Amino acid sequence: MSLGLTGVWAAALALSFFGGIAFSPLALVVSTVLLVAVTIITSILCGKLFGIKAHIESSYITGLILALIFTPTLDVAGLVVLAFVAMIAAASKFILVFKGRHVFNPAALAAAVVALVGLGSASWWVATPALTVLVIGVGILSLYRTKHFMVAGLFLAITIPALLIQLLGFGMTLPESAWALLSWPLFFAAGVMLTEPLTLPPKRWQMY
């Protein structure tokens, strides 16, 4: 997963150099370094506080996910918010835990908290047609390793028709609606976030 997400991020960085994504390469690099660093540092500090060894690779993955769903910025206030987001995500792995499992997906929880307190919201910018094929590829590899194709498939089987009906109701044609779906974070959510092993219920029947 860490290699896959790094590949998606690298592709996004390349696109930003050629105007394929609406923010600068510097903003992407600075925001990502901040998110990953704060996530790792917070995890280490929480690990010492709770007497639990911090999982650095897991923190790196969470930081990258945050970098792919929150719009990169060079604004100081925006960077402070991103640091706050990373702290929430990392701390939740130690605080909101039940029997060794996360109660909520750390990145999703951080996005929800920031939105609720009015500091901003996740843009889910990774959901762009230019990155769709790569995101799907990473998702498939992740699902292959975790053996959770059924969970992701059920999620997509419900959400895709529901969104298509909604878009068609707005007067869009079927091809237009299908293309618009590529700007929704469905594949990223299904392949990367929904099936995160420590967030899913422990028993298979509980997943459905």
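Predicted model: local features only at pLDDT ≥ 70, side-chain atom pairs only at ≥ 80, totals over all residues.

Biologist: Okay, at what angle do helix 1 and helix 2 pack?

Modeller: About 150°, with their axes 8 Å apart. Axes here are lines fitted to C-alpha atoms, for helices over the stretch in contact, and angles run from 0 to 180 degrees between N-to-C directions. Helices are DSSP runs (H or I, at least four residues), numbered from the N terminus.

Biologist: What do you call that arrangement of helix 1 and helix 2?

Modeller: Helix 1 and helix 2 are roughly antiparallel, a label for angles over 145 degrees; under 35 is roughly parallel, 65 to 115 roughly perpendicular, and the rest oblique.

Biologist: Which residues meet there?

Modeller: Trp9, Ala12, Leu13, Ser16 and Phe17 of helix 1 meet Pro25, Leu28, Val29 and Thr32 of helix 2. Contact means heavy atoms within 4.5 Å.

Biologist: And helix 3 with helix 5, how do they cross?

Modeller: The axes of helix 3 (residues 56-69) and helix 5 (residues 106-116) come within 9 Å and cross at roughly 45°. That angle is why the pair counts as oblique. On the helix 3 side, Thr62, Ile65, Leu66 and Ile69 meet Pro106, Ala107 and Ala110 in helix 5.

Biologist: Switching to the core. Which residues touch the most other members of the largest one?

Modeller: Leu66 and Phe188, out of 39 residues in the largest nonpolar core. Such a core is a set of buried Ala, Val, Leu, Ile, Met, Phe, Trp, Tyr and Cys residues joined through side-chain atoms within 4.5 Å. Buried means under 20% relative accessible area, exposed over 50%, and partly exposed in between (1.4 Å probe, protein chains only).

Biologist: Which helix gives the largest share of this core?

Modeller: Helix 4, with eight residues.

Biologist: What does Phe188 touch?

Modeller: Leaving out residues up to four places away in sequence, Phe188 touches Leu5, Ile65, Leu68, Ile69, Trp124, Val126, Val135 and Met193.

Biologist: Where does Trp124 lie?

Modeller: In the loop between helix 5 and helix 6. Trp124 has a positive phi of about 55°, although it is not a glycine. At 24% relative accessibility, Trp124 counts as partly exposed.

Key:
Residues numbered from 1 in each chain as written. Heavy atoms only, no water. Helix = DSSP H or I, 4+ residues; strand = E, 2+ residues; numbered from the N terminus.
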